[in-house]
Amino acid sequence: MIRLIKSLFINHRFFQVVIGLVVLFIFSFVVQGLIWIPKILFLSLIAACVVDLVLLYRVKKGMLGARFTPDKLSNGDENEIRIYLENLYVFTTRHRIFDEIPHQFQKRDLQFEVELKAGEKKTIPYFIRPVKRGEYSFGAVNVLVSTPLGLLSRKFSFSQNKMVPVYPSYMQMRKYELLAISNRLMETGIKKIRRIGHNQEFELIKEYVSGDDFRTVNWKATSRRSKLMVNHYQDERSQQVYSLIDKGRAMQMPFDGLSLLDYAINASLVISNIAIKKSDKAGLITFQETVNTVVPAARLNGQMRNIQEALYKQKTAFVETDFSALHATIRHKLNQRSLLLLFTNFETVFALQRQLPYFTSLARQHLLVVIFFENTELHHLLNKKTDDLKEIYQKAIAERLHLEKKLIVKELQKHGIQALLTKPENLTVNTINKYLELKARNLI
Amino acid sequence: MKDWKYVLYLVIFIGIYVSIQLLSPKSHNWTITLSHLDKDPYGTYALHEVMPDIFDSIRLSNESFYEILEVDSLNPGGIISFSTSLNTQAEDTDALLKYVSKGNNVFLSAHYFYGQLADTFNISTVDYLFDGNGIIDQRDSMELRYSNTTMDTTTTFLFRRSSIHNYFQSYDTLLTTVVARNDMGEAVTIKLNIGEGALYLNSTPLAFTNINFLSKENHQFASASASLLDTKNLIWTEFYHLGRMEAQTPLRFILSQESLSWAYYLIIGALLLFMFFEGKRKQRIIPIIPPLQNTSLEFVSTISNLYYQHADHKNIAEKKIAFFFDQLRSQFYIDAHHIAKRDYEHIAAKTGNDVVVTTALFKTITNIQSRESISSPELIDITKQLDQFLKQ
C-alpha cells in the first residue's frame with residue numbers, strides 16, 4: 001500500500017476533468033434539474049480512475065529502462081547521455097521522464113515526454129556540458145507512466161546512483177589527435193603555416209614537383225631514376241613541450257561557464273597529445289604560490305595517461321601566483337631547451353612588468369610562449385553606442401583594457417618572448433597553431 | 001534517518017506544549033457571553049440547567065422576535081432574552097407587542113434598550129457607576145429586592161456592585177409597575193401591561209449569569225424573575241446578544257444548495273489531492289550552487305565610476321584617442337601617432353571618409369592633445385567624431 005502511494009501520481013488531466021465537473025455543477029445550479037448529469041459524470045470519473053489504477057498496477061513491471069553514461073565526462077564539451085526505455089504494457093503509454101542529473105548542472109527542469117506503443121523500445125539522447133572537473137553523481141531516472149486514460153501515473157525508478165568523473169576535455173583531445181595523425185591539422189580551421197627556414201631531419205626522397213626547393217635536389221637519386229628527385233625533410237623530433245599552467249587568481253574568471261584555468265587545462269591536454277603524436281615529448285608543470293605538479297616530459301606510452309590524471313586532479317585556491325617559484329623550478333629541473341607554453345592571464349602592462357625578469361630569464365634558455373586571454377565579456381561594451389558621459393567613460397575604460405592586452409603582447413615581443421593573445425574559446429586551436437608555427441620555424 | 005530525528009523533535013515539542021496547556025491552571029474567561037453553553041462567570045449555563053425545573057418546555061433559539069413569532073405566534077407561551085443591549089427593529093417590536101397583547105408574558109433583560117421598543121415606552125437605562133450622577137457608593141456589594149407586593153419584598157439579594165449597576169431612569173409610568181429595585185430604590189425590573197399580557201424588562205442581565213446565580217441565595221432572584229413567565233412553551237432567544245450563531249459567510253448559501261455544495265466539496269477534495277500528490281518529489285533535491293561570476297563588466301563600471309568622480313575628461317579623451325590610433329594601425333595599417341607623418345588624403349581614402357572630415361577630426365585630436373583640460377561637451381563631441389569615423 002505504501003509502495004502504491006509512493007509510486008502513484010495524479011496527472012493534470014484528472015484535475016482538468018474535476019474543474020470541468022465543478023463548472024458543470026455550477027451550471028446545473030443555474031439550470032435547475034440537471035444535477036444528475038454532473039453526478040453521473042463524477043461517478044464515471046471515479047470509475048475511470050479505478051480502471052486506470054488497475055491498468056497501471058496489474059503488472060509488476062510495466063517498463064524497462066536504463067541510463068547510459070560514458071565512463072567519464074569531458075569538461076567543457078557536450079557529452080551525450082542516453083536513456084533507454086522499453087514499454088512492457090500491452091497498450092500505448094505516455095512516459096514523463098525526470099532524470100536526476102548531477103547537481104553541478106543546476107538543472108531542475110530536465111524532463112522528457114515520449115509515447116511508446118506496446119512493446120516499443122526507444123532511446124532518448126540528450127547532452128550535458130559540465131564546466132568543472134571532479135566527481136559527478138547521477139541519481140535515479142524517474143519515469144511517470146500513464147495509460148491512454150491519462151488520469152493517473154505510476155512512477156518507475158532505475159539506474160540509481162552512478163558516479164561519473166569529469167575529466168579535462170578528452171573529446172577535444174581525440175578530435176585533434178585524429179587530425180594530427182592524418183596530418184590534416186591544416187584543415188578544419190587550423191591555418192596553414194608557411195614554412196620558413198629548413199628542417200634538418202631527413203624524411204624521404206620524392207620526385208620533384210614544381211614548387212619544391214631545388215636546393216634540396218638529390219643528384220645521386222636523380223641519376224639513378226633519370227628523373228629529378230628531391231630530398232624531403234621533416235620537423236625535428238623529440239623536442240620537449242611543457243605546458244605551464246598558472247592556477248592563480250587571474251585564472252578564476254569564467255567565460256561561458258568554464259574558468260580560464262579549465263580552458264588552459266583542456267588546451268594543455270590537447271597540445272600534449274599532439275606533441276606526443278608528433279614524436280615530441282610532452283610535460284606539465286602547474287603552479288600558484290608554489291609549484292604543485294611537475295610531470296617530466298616524456299614520450300612513453302603512459303605519458304598521456306599521466307598528464308590526464310595530473311590535470312584531472314588539479315585543485316586550486318586561486319591565490320596570487322609566484323612566478324619566481326616557477327622560474328626556480330624550471331631552471332633547476334629542465335636542462336634541455338624546451339618549448340614552454342605558459343598559460344596565464346594579465347590585465348595590465350604593469351602586472352606583466354613585475355614578472356618580466358623571470359620571463360626574460362626563462363626565454364634565454366627556452367622558447368617561452370606566454371599565452372593569455374582576451375576579455376570577450378568586454379566586446380559588447382566595445383561595440384556599444386554611447387550617449388551620455390557615464391557610458392563614454394565606461395566604454396573608454398573598456399577600450400583601454402582591450403588596448404592594454406595588445407600592449408602586453410608588444411611588451412613581450414620587445415623582450416623576445418613569444419606571445420599569444422587569444423579568446424578563451426579559441427585557445428586550443430590557437431595553441432596548436434602556435435606550436436606548429438614554432439616547430440616549422442625551427443625555433444625550438 | 002535524518003528526517004526521523006526532525007519528526008521526533010517536532011513530536012516532543014508538541015507534547016510539551018500540549019502538556020503545559022493541560023497542566024497549567026485554567027484561567028476564567030470574563031467575557032460577557034450570556035450563552036447557555038458557557039460555564040465561565042458571565043455565561044448562563046447554570047440558569048439554563050435549572051430552567052427545566054420551572055418550565056415545561058424550553059426552546060432555544062437564535063432568531064429575532066419577528067422570526068420566532070412568524071412561526072410560533074399561535075402557541076401561547078413566553079419569550080426570554082438576555083443581552084447587554086437590546087436593539088429591536090420596528091418589525092420585531094410590532095410582532096412582540098402583538099404577541100404580548102394576546103396574553104403572553106415576555107421577559108427581556110438588557111443593560112440598555114434601544115430602537116423601536118425603547119422609543120415606544122420611553123424607556124431608558126442609566127449606569128450609575130460610569131455615568132456618575134453624583135451617587136458613588138463605596139460598598140462593593142449591592143442589594144436587589146422585590147418591590148412588587150405579590151412577592152416577598154423583605155428578602156434582599158446581594159450582588160457585586162461592579163456588575164449590577166444599571167437601572168431604569170425613565171419609563172411609561174401609566175403602563176408600568178416596578179417589580180424589583182436596587183439598594184438605591186431605583187427600578188431594575190419593570191412590568192409593562194400591554195393588552196392581556198405583560199412585558200417584563202430587566203436592566204441587570206448579569207444577575208442571571210453563572211457567577212451571580214451561584215452565589216448564596218441569588219438563584220432565588222433569578223427563579224423569581226423567571227416565574228413571572230408562564231411555564232409553557234418558553235422560547236429563549238440569544239439572537240440579541242450572540243446573533244445567529246451560524247456561519248455568516250457566503251458558504252451558508254453554497255452549502256444549502258446541492259449542486260453548489262457538490263462543486264464546493266469537489267474543489268476542496270481536488271485541492272487536497274493536488275497538495276498531497278503534487279507535493280511528492282518527482283526528483284531529488286538539487287542544492288543551490290551559485291555559478292562562478294564573470295565580474296569584468298562590474299570591474300569596468302567600478303573603474304569608470306572612479307574616473308567619472310574625478311571628471312578628468314582630458315584623460316578619458318586621450319584613452320579614446322590612443323584606442324583610435326590602435327584601430328587605425330591594426331585595421332588600416334596607418335601610423336597616425338606622429339603629426340608629421342599624417343597624410344589626411346591617404347587616411348581618408350583608406351578609411352573611406354571624407355578628406356574634410358578627416359582633417360577636422362585630426363585637428364580636434366591635436367587640439368585636445370595640446371590642452372591642459374577639456375569640458376564634457378568636448379569629450380562627447382570627440383567621442384561622436386571618432387565613432388562616426390570608424391563606422392565608415
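1. What is the volume of the largest cavity? It comes to about 40 Å³. A cavity here is a set of points on a 1 Å grid over the protein atoms alone, where a 1.4 Å probe fits but cannot get out. The volume is the space filled by probe spheres set on the points, which are joined across faces, edges and corners. The structure has one cavity of 30 Å³ or more.

2. Before we go on, some housekeeping. You're looking at a predicted model, in which local features need pLDDT of at least 70, side-chain atom pairs count only at pLDDT 80 or more, and totals for chains, interfaces and linings use all residues. Residues are numbered from 1 along each chain as its sequence is written, chains are lettered from A and ligands numbered from 1 in the order in which they are written, and side-chain values use heavy atoms, with hydrogens and water left out.

3. Back to that cavity. Its lining (residues with an atom within 4 Å of a point) consists of A:E374, A:N375, A:L378, A:L401, A:H402 and A:K405. By class, that is two nonpolar, two polar and two charged residues. For the classes, Ala, Val, Leu, Ile, Met, Phe, Trp, Tyr, Cys and Pro are nonpolar, Asp, Glu, Lys and Arg are charged, and the others, Gly among them, are polar.

4. Now try the second largest pocket, with about 900 Å³ of space. A pocket is an open set of points with protein on both sides within 12 Å along at least five of seven lines. It has 36 lining residues, and A:R249, A:F346, A:E347, A:T348 and B:F299 are the closest to its centre. Helix α11 of chain A gives the most to this lining, with five residues. The lining of the second largest pocket splits into 16 nonpolar, ten polar and ten charged residues.

5. Next, a sheet in chain A: three strands in the order β3-β11-β8, open and with mixed pairing. Strands are DSSP runs of E with at least two residues, helices are runs of H or I with at least four, and both are numbered from the N terminus. Two strands pair if DSSP finds at least two bridges between them. β3 (73–74) and β8 (134–138) of chain A sit at the edges with a single partner strand each, so one side of each has no neighbour in the sheet. β8(A) and β11(A) run antiparallel, joined by five bridges, and A:G134 stands opposite A:V166 in β11(A).

6. The other sheet to look at has the order β2-β4-β7 in chain A, and it is open and antiparallel. Its edge strands are β2 (63–68) and β7 (121–128) of chain A. Eight bridges join β4(A) to β7(A), and the bridge partner of A:E86 in β7(A) is A:K121.

7. Finally, compare two glutamines. Is A:Q355 buried or exposed? A:Q355, in helix α9 of chain A, counts as buried because its relative accessibility is 14%. B:Q369, in α14 of chain B, has 35%, so it counts as partly exposed. The cut-offs are under 20% relative accessible area for buried, over 50% for exposed, and partly exposed in between (1.4 Å probe, protein chains only). Not counting residues up to four places away in sequence, A:Q355 touches A:F323 and A:F346; contact means heavy atoms within 4.5 Å. A:F323 is itself among the buried residues of helix α8 of chain A.
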